[in-house]
Amino acid sequence: MKKKPTYKVPVSICAIVLFVGAIVLAILMETRQMAPPRKYEVDMSGEVIGIDNGPKIPVLTKEEVKDEEIKEEKKKDSPKPEATETEESQESEEPVIVPTNPDGQSDPAIKAPVPEIKKPTIDQIDN
């Protein structure tokens, strides 16, 4: 007689993997450097009551500062395409005129007849 397959081993492996993953995720979230919280008050309707009028310099984490520096370096390093700008400016000087009717026609050749709309009639229902 064949034994029914039990799934104790695969289920226990999945449970252990999920549990370890949850612990690793919690540790990573706790050790991440976060920007300081925004300072403002909100009433029950969601409107902002007061805002901190501190310095207007954005507060960035170390990772965000590195990303900003990399973006600035890329902007400085990339050469500006000058040839394409001159070609585009020459093309855009002449406006494109599109005629409303095809060449040689003043009005549309075929006019559609206006459909006749009849008033609905109400028939009496005899019981």
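Which residues form a negative surface patch? The patch is made by Glu-63, Glu-64, Asp-67, Glu-68, Glu-69, Glu-72, Glu-73 and Asp-77. Asp and Glu count as negative, Lys and Arg as positive; His and the chain ends are not counted. Patch residues have over 30% relative accessible area and no salt bridge; like charges are joined within 9 Å, nonpolar side chains (Val, Leu, Ile, Met, Phe, Trp, Tyr) within 5 Å. Charges are placed at NZ of Lys, CZ of Arg, CG of Asp or CD of Glu. A salt bridge puts a side-chain nitrogen of Lys or Arg within 4 Å of a carboxyl oxygen of Asp or Glu.

The model is predicted: local features need pLDDT of at least 70, side-chain atom pairs count only at pLDDT 80 or more, and totals for chains, interfaces and linings use all residues. Numbering runs from 1 along each chain as its sequence is written, and side-chain values use heavy atoms, without hydrogens and water.

The protein has three helices and two strands (DSSP runs: H or I, at least four residues; E, at least two; numbered from the N terminus). Their order along the sequence is α-β-β-α-α. Of 127 residues, 1% are buried (under 20% relative accessible area; exposed is over 50%, partly exposed in between; 1.4 Å probe, protein chains only).

Glu-68 lies in helix H2 and is partly exposed, at 36% relative accessible area. Helix H2 covers residues 62-77. The number of its 16 residues that are buried is zero, so H2 lies largely in the open.

A nonpolar surface patch of about 680 Å² (Shrake-Rupley method) comprises Ile-16, Phe-19, Val-20, Ile-23, Val-24, Ile-27 and Leu-28. Ile-23 belongs to helix H1 (residues 8-31). Ile-23 is partly exposed, at 40% relative accessibility.

Note on methods
Accessible areas come from the Shrake-Rupley method with a 1.4 Å probe; for residues, only the protein chains shown count as cover. The expected span of a helix is 1.5 Å times one less than its number of residues.
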